[in-house]
Amino acid sequence: MASSRDIQAMKLCRFYQGGHCPQQSCYYLHPDAQVGRTPRSLSGAKTAWDLLSEEKSRSRIVTSCDELNTIFGGGICLKEVTEICGAPGVGKTQLGIQLAINVQIPTDFGGLNGQAVYIDTEGSFMVERAMQMAEGCIARLHDVAAGNCKTLGPHLNIDWFLSHIFYFRVCDSTEQIATVNNLESFLEEHKGVKIIVIDSVTFHFRHGFDDMALRTRLLGGMGQKLMRCAEMYDVAIVQMNQVTTRFAGGSARLVPALGETWSHACTNRVILYWSNGQRHAFMYKSPSLRSASAPFDITSEGLCSVGTNKRLKYKQ
């Protein structure tokens, strides 16, 4: 006779064919189920050791700034959703474009030799800026090659870098949801994609919604699809988020937009901010990385560590 524990396991499975009777709203044991054995629908479990091994073996995309790489645990991690928050002009788009370039660094030079998808909701992506960052990346690769007796392939030019960034311009929330919904089929056809940048995930959802419950459901569905894409297709999802003002206790402070519910739609959340005229990044939330802050600069060649690049700083 089945124990109460076995019956509960059967209930969890909710077999539709031979396990759940929709007319009577009752459950009964599947004919193939054996008492004391895990039902077939619950197979595929992983151990904590498996999860730890997978986490340690995950690839990362470097940011071109050593301090930023450190707070990211070595770079932006694949199979995770990372949110970058900050006020306008602090460097969110610059970081997104830099990652779209750096994901293409050859494996011989510590990169992933991948491709990028850039979903632009604000019209802030600039091809000229991508060209500058590609030129800076090529110059750094030449320096590394010269110091390690390596050869940089002649195909690694600006045109090659730009041809590996797939750009989508979306003009409203409907287009944004449709684009996210079709990402899986796109990734099936483009196996080389290793990063998806959404700049920004916020823009079309901050205004124009009278039904806030509907907005919450749409955002929740989009967040789940992005997490699914990250896990299934071994890509990094980097979504930019704006900030809004929150008043509490007689004072005001800037917080990430879209509310508390949306904060669960990412694995890591990083806040970019200014301090004494210097850009900083703060690891605000992460299940595996400690909270830490790091300064960074943006120059004509892209992101870099503070004081390591003598070129003029880039002004937005």
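This is a predicted model: local features need pLDDT of at least 70, side-chain atom pairs count only at pLDDT 80 or more; totals for chains, interfaces and linings use all residues.

Analyst: Thirteen is the count to start from: the largest pocket is lined by 13 residues, and Val62, Ser64, Ile105, Phe109 and Arg140 are those that lie nearest its centre. Residues are numbered from 1 along each chain as its sequence is written, and side-chain values use heavy atoms, with hydrogens and water left out.

The elements that give two or more residues to the lining of the largest pocket are helix 3 (66-71) and helix 5 (127-147), and helix 5 supplies the largest share, four residues. Helices here are DSSP runs of H or I with at least four residues, strands are runs of E with at least two, and both are numbered from the N terminus. The volume of the largest pocket is about 270 Å³, where a volume is the space filled by probe spheres set on grid points that are joined across faces, edges and corners. Sorted by class, the lining of this pocket has seven nonpolar, four polar and two charged residues; Ala, Val, Leu, Ile, Met, Phe, Trp, Tyr, Cys and Pro count as nonpolar, Asp, Glu, Lys and Arg as charged, and the others, Gly among them, as polar.

Within helix 5, Arg129, Ala130, Met133, Ala134, Gly136, Cys137, Ile138, Leu141 and Ala145 are buried, that is, under 20% relative accessible area, whereas exposed means over 50% and partly exposed lies in between (1.4 Å probe, protein chains only). An α-helix has 3.6 residues a turn, so residues three or four places apart point the same way. The buried residues of helix 5 pack against helix 4 (92-102), helix 6 (158-162), strand 14 (293-299) and strand 15 (302-304). Just after helix 5, Cys149 takes a positive phi of about 55 degrees.

Gln98 sits in helix 4 and counts as buried because its relative accessibility is 0%. Leaving out residues up to four places away in sequence, Gln98 touches Thr63, Ser64, Met133, Arg140, Glu301, Gly302 and Leu303, a contact being heavy atoms within 4.5 Å. Ser64 and Arg140 are also among the residues that lie nearest the centre of the largest pocket, and Met133 is one of the buried residues of helix 5. The side chain of Gln98 also reaches the backbone nitrogen of Leu303 at 2.9 Å; a polar contact is a pair of N or O atoms within 3.5 Å in which, within protein, one must be able to donate a hydrogen and the other to accept it, and residues adjacent in sequence count only if both atoms are side-chain atoms.

The structure holds one cavity of 30 Å³ or more, and the volume of the largest cavity is about 30 Å³. Arg60, Ile61, Val62, Asn102, Val103, Gly110, Gly111 and Leu112 line the largest cavity, and by class this lining has four nonpolar, three polar and one charged residues. Val62 is also one of the residues nearest the centre of the largest pocket.

Lastly, the segment after strand 15 holds Val306, which counts as partly exposed because its relative accessibility is 38%. Leaving aside neighbours within four places in sequence, Val306 is in contact with Gln278, Pro295, Phe296 and Asp297. Val306 and Arg279 lie 27 residues apart in sequence and 9.3 Å apart in space, C-alpha to C-alpha.

Methods:
On a 1 Å grid over the protein atoms alone, a cavity is a set of points where a 1.4 Å probe fits but cannot get out, and a pocket is an open set with protein on both sides within 12 Å along at least five of seven lines; lining residues have an atom within 4 Å of a point.
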